[in-house]
Amino acid sequence: MRALVVIGAGASGMAAAISAHDSGVKDILIIERGPEMGGILTQCIHSGFGLHTFHEELTGPEYADRFQKEVLKRGIDVLLNTTVLEIDSHFIRYINSTGIYEEECQAIVLAMGSRERARGALNIPGERPAGIFSAGTAQHLMNLDGCRIGKKVVILGSGDIGLIMARRLTLEGSHVLAVVEIMPYSGGLKRNIVQCLEDFSIPLYLSHTITEIKGKKRVEGVAVSPVDENLQPLPDRSFDIPCDTLLLSVGLLPENELTKKAGAELSSTGGPVVDDSYETSLPGVFAAGNVLHIHDLVDYVSQEAEEAGRNAARYILSGECDEACIPVVPGHGVRYAVPQFISRTGKDALIKFRIAKPMRNAVISLISDGRIIKRMRKKVVSPGEMERVSVQKSLIDSELKLEVAENDET
Amino acid sequence: MMKRELVCIGCPLGCALQVEADGGKILSVSGNSCPKGDEYARQEVLAPKRTLTASVRTECGSKRCISVKTVPEIPKDKIFPVMEIIHTLSVRPPISIGDVIVHNITGTGSDLVATSAFPS
Ligand SMILES: Cc1cc2nc3c(=O)[nH]c(=O)nc-3n(C[C@H](O)[C@H](O)[C@H](O)COP(=O)(O)OP(=O)(O)OC[C@H]3O[C@@H](n4cnc5c(N)ncnc54)[C@H](O)[C@@H]3O)c2cc1C
Ligand code: SF4
C-alpha cells in the first residue's frame, strides 16, 4: 500500500508531492497522463510565471522545470504516460501501455487541472467545418508540435489565453482579424491587452459575439453581432468577417470526471467542495489547483497545492481530520468562494474568491452572522483576478459571508 | 511637441497616462498613481522593449520544438526581424534550459536562450 497518490503532475501535483514529502511522507506516487511533468505549463511558452515565487519572470516551461527538479531530487516516484481511470474509495485504477493496475493508498491529492469549454457548449449555429480550434489545442499544436493553424484568424473570447494566442499567431505569420468579446470588458490582464493586441494593431470588439460560422468543409467566415445589455445579439447590426480559422477561448472548466465518479460533492466552481485543509467530502482525498477552481496565477496554484500536500501528510501520519463546520457563503457581488467550509482548528483561514463584475473603489466585507468582522477597500477589482483574504477564525460564529460593493465616496 | 496616451500595465489599476514628449525628451507624465507609472511611460515612449518568446524546430529526436526567449528584452521594433531569424533555425540535442541558441540576435545585443530542455 502507498501512503500518497497524486493524480496529475502539473504545477499543483508537483507542489503537493514536494510538500507532502517535506512533511515526512516519503512513499509517494505521482501519476501523469502526459509524456512529461508540467501540465499546461509546458505549452505556455510566454513569460509571466513565478513573479511571486521566484521574484523573476519565467516562461511556463522554466517554472515547471524548477518544480520538476525538486520532485526528482526527492526521488519521488512518477509514472508518465499513465491515466487514472477510477478512484474507488482508497483504490486507484490506472492504465498505461503495459497494462491496467490498481494501487491502494492512504490518501489522494487530486491535481487533474482543467479542460477547455468546448464549442458544443456555446451553440453557435453553422456546419462543423475544419478550422475551428479551442485556444489551448491551438497553443499545443503551435508551441509543442510546430504546426501552423491558419492564415486568417478570428478569436472568440478575450481572456488571457485568447490574447496570448492572438500574439502567437501574429508572430507566426497569421493575420488575426479580430478578437471578439461578449462582455463589455476583457477578462485578460492590461499587460496582455497592450502587448498582445495593441502592439500588433489587432482590433478588440467588446460587447460583440459570433452568431454564425460560415463554410461547409473549411471555415470561410464568421458573422459578428453587437449584443445588448442582456448579452442578446442585435442581428440587424451584424457584419461578416471572412476568415479560414476560428479560435475559441471561452474559458476553462475544472476536470472532475474522476472526482464525480468517486462520489465527492461538487460545488458551483465545477470543482469539489473542500474545507480549509483542502480535503474534499471524501476523507483522505484532497484537491488543489485548477481541479478545484480556475486560477489565473500559477504561484497561487503552487501555494494552494503545498497546503493540500501538507494536510494530506498530516492525515497520513496522524489520522487527524478536522471537522469543518463553518460554511463560507458567497454573498452579493461574489461569484464563488473557496473553501466552502472552514474548521475551528488553527488560527486563520485563507479565503479565495471571484468578483461578479468589475468595480472601482470596491469594499469587501466579511460578515459573520450579520456582524461585519473585516472590511477591506480596493481601488479596482475584476472577475479576471482571483481575490484572497485571510480571516481570524475566532471572530466567526456559525457562518462566514463575503460581500463586495462599489463605494462612491472615496 | 508630441502627446501620447497610454494605459499603465504596472498593476490592475491600469491608470490612464498622458505623456508629453519633444524629440527624444519627455516633458511630462501625468495620470499615474505611483512612480512605476512614470517609469513605464518614459520607457514606453522613448524605447519600448519586449521579451519575445517563440518555439524553434528540432532536427531530430523525440521533441518537435523547443521554446526560446530573448534575454534581455529586445526593442519592440525588432520583434519581426528576430522572428525571421527564428523561422530559419533548427536545433539538435542536447539542449538545456538557459543554453544560448543565437548570440546577439540581429545585432540587438540580446541572446536567444532555450527555455525548455531537449536531452539527447
Ligand atoms: C493558456 C494559459 C496561460 C496561462 N498563463 C499564465 C501566466 O501568464 N502566468 C501565470 O502565473 N499563470 C498562467 N496560467 C495559469 C496557470 O499556469 C495554471 O493555472 C496552472 O499551471 C494550473 O496547474 P494545475 O496543476 O492545476 O493544472 P494542469 O497544468 O492542467 O495539470 C494537470 C495535470 O493532470 C494531468 N491529468 C489530468 N487527468 C488525469 C488523469 N485522469 N490521469 C493522469 N493524469 C491526469 C494532466 O495531463 C495535467 O498534466 C495560464 C494558464 C493557461 C491555461
Ligand atoms: S501608475 Fe502605478 S498604480 Fe497606476 S497602473 Fe501603473 S503601477 Fe498601477
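Me: What radius of gyration does chain B have, next to a compact globule of 120 residues?
Reply: Chain B has 19 Å, whereas a compact globule of 120 residues would be near 14 Å. The radius is taken over C-alpha atoms, and the globule rule is 2.2 Å times the number of residues to the power 0.38. This is a predicted model: local features need pLDDT of at least 70, side-chain atom pairs count only at pLDDT 80 or more, and totals for chains, interfaces and linings use all residues. Residues are numbered from 1 along each chain as its sequence is written, chains are lettered from A and ligands numbered from 1 in the order written, and side-chain values use heavy atoms, without hydrogens and water.

Me: What box does chain B fill?
Reply: Along the principal axes, its C-alpha atoms fill roughly 55 × 30 × 15 Å.

Me: How many helices and strands are in chain B?
Reply: Two helices and 10 strands. Helices (H or I, at least four residues) and strands (E, at least two) are DSSP runs, numbered from the N terminus. The order from the N terminus is β-β-β-α-β-β-β-β-α-β-β-β.

Me: How many salt bridges between chain A and chain B?
Reply: Four salt bridges. Each is a side-chain nitrogen of Lys or Arg within 4 Å of a carboxyl oxygen of Asp or Glu. One joins A:Glu62 and B:Lys69, at 3.1 Å from N to O.

Me: New topic. How is chain A divided?
Reply: Into domain 1 (1-116 + 252-321), domain 2 (118-250) and domain 3 (323-410). Those bounds come from an automatic or database domain assignment.

Me: How many residues are in contact between domain 1 and domain 2 of chain A?
Reply: 10 residues of domain 1 are in contact with 15 residues of domain 2. In domain 1, A:Gln43, A:His46 and A:Glu116 lose the most area to domain 2, together 59% of what that side buries.

Me: What separates the centres of those two domains?
Reply: 31 Å, taken over C-alpha atoms.

Key: Contact means heavy atoms within 4.5 Å. Buried area is the accessible area (1.4 Å probe) that two parts lose on being put together, summed over both.
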